[in-house]
Amino acid sequence: MTSFCIYGVGVSSGIAIGHAHLVSNALLEVVHYQLPKHLIDNEISRFTDAIATVKQDLVKINHGLRKNAPAELSAFIGTHLMMLEDKSLSEIPKDIIRHEQCNAEWAIKLQMDDIVEQFELIEDEYLRERKQDVIQVVERVIKVLLGHPSQLSSEQQANALNEERKLILVAHDISPADAIQFKQHEFAAFITDVGGITSHTAILARSLNIPSIVALQKARDLIRDGELMIVDGSQGVVIVNPDKSILTEYKLRQEQWELEQQKLQRIKSTKAITLDGTSIDLYANIEVPEDVVAVSASGATGIGLYRTEFLFMNRREMPDEEEQFIAYKTVAQAMKGAEIIIRTLDLGADKQMNPDTVVTCANPALGLRAIRYCLAEPQIFHTQLRALLRASYFGNIKILIPMLSTLSELRQTKLLLERAKASLRKQNIAFNENIALGGMIEIPAAAINAEAFAKELDFLSIGTNDLIQYTLAIDRTDDAVAHLYNPLHPSVLKLIAMTIKAGEKLGKSVSVCGEMAGDAKLTKLLIGMGLRQLSMHPSHILSVKQQILRSQQTQLSDNARKILSLTDLEKIEPLVAKYNELPNLIN
Ligand code: PEP
Ligand code: MG
């Protein structure tokens, strides 16, 4: 097998060695065409042959499974085989071909949509999710019909399945709604053709704490199911079919990397204080309540951003007040009095409830997203605010509003918060009357007007991911412009500095909860600029803390001042790198 490398943008560090698991997009490739009557029998045979091929493949894969392979694997293949035996997949598509005179791919896809629809009506969540099996097995059939079945032998596929824990997910693109589901799987790495470094999908990949690379362009086409690969998330490189010497070299690097990670564990319970005594709060970002386990393991002292929208994904109906209340209360209780900043719903743009939703507006990132959506749907917002308030009785919860751009949005939000409080009072339901309200500064308009926001809020949190996107006019999900996405752009730094200054002037705390906070190469700059609270994925806490423990705050302030006086990115980048390399106490 030929060995080759593909280069992309590393979004989560570390090295993984494993086998490719391709997320198929065969379903997207299905087109509809009409056939003349005399070709119908032919089309039906094509369909029957494809079903037979897939069955044979599955039987061979099943035979190839090692004795110690997880029992679910064999059961899962068995389910797929059973589905292919079932009339609904093996016979009804033939009727469709005959009646509609259409191609076989179209017929089986139509039938699949119908079955999936029926599954979606099932109350039981576990059974409802079995629709994924239908989709997977139909994808296999469609791949055969389209003439691109997996090019690996059944034996190779079985080998890949035998090493389930070492699977590397290879996808063209993955929506955040899909990515959140991968939290339940143990993939060794994650790579995609498209995506920017701070796309929500990349953020989720990072939160899985496995090496991940985006913007690989053609990985999905070049890599075959089951191929052996090395993913170097730190360098953004994928090596497919590595030879023995490369494999040995990377195994060594992998061990070294793991050793460094273990060493960092030593500072887990050390307080994040600079050499001259400035204390920094290192908080964690979470997406789902289960993430609190990683938060405790990381040594984070609070939660600086709980992205609640993930509770709303991959489902047909919004979670009701009770479900939300339980989720927020679970986090509140698990954090045992530590601060938890819960952000209200930030749905919209790339974060849709359903991954299949087709976004029709031209510029979704500039559209009805986050607080704009909540104010347009006050009933949905009211339900979330009530759930948050109720949970506030069980822990140290603060509310954070995303994507504020005008004061009027903030004032409307406050009115709705008061309304939610009043409704709870009426029902004698306990909540924290003095719950703090913060705002995200992630639109340049808000950063420029940060003082006005600081006056009316209890705290500010800078969302650098969006602040960069909106300041530089770079779609954070678009790999074509990913190289232009730069947190060190002087205009971005100025907006951050303005926000910090506004907070200082009005005595309101300011934190950063965007991805900049977790980048250890930027820690010294952010502390030097005056930030005292950073919130990041739990896996970044220790490397950021290490930077803080080695720094003199007074020196960092001087350095930051020099950096902020520069207007040219080409001068800023080397200076930041130089300050990062310099030993402490030396200017
Ligand atoms: C941000 O924009 O920096 C942020 C933290 O919010 P999100 O990444 O969820 O948009
Ligand atoms: Mg944001």
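Colleague: What should I know before I start?
Modeller: The model is predicted, so local features need pLDDT of at least 70 and side-chain atom pairs count only at pLDDT 80 or more, while totals for chains, interfaces and linings use all residues. Residues are numbered from 1 along each chain as its sequence is written, chains are lettered from A and ligands numbered from 1 in the order written, and side-chain values use heavy atoms, without hydrogens and water.

Colleague: OK, which residues coordinate the magnesium ion?
Modeller: Glu 442 (OE) and Asp 466 (OD) do, at 2.0 to 2.1 Å. Donors are N, O and S atoms within 2.8 Å of the metal (3.2 Å for Na, K and Ca), and water is not among the atoms, so sites may look incomplete.

Colleague: Switching to ligand 1: which polar side-chain atom lies 2.8 Å from an oxygen atom of it?
Modeller: One from Arg 343. A polar backbone atom of Asn 465 is 2.7 Å from a ligand 1 oxygen, and an N or O atom in the Asp 466 side chain is 2.9 Å from one.

Colleague: And how much of ligand 1 does the protein bury?
Modeller: 100% of the 290 Å² that ligand 1 exposes when taken alone; these areas come from the Shrake-Rupley method with a 1.4 Å probe, and for residues only the protein chains shown count as cover.

Technical notes. A polar contact is a pair of N or O atoms within 3.5 Å; within protein, one must be able to donate a hydrogen and the other to accept it, and residues adjacent in sequence count only if both atoms are side-chain atoms.
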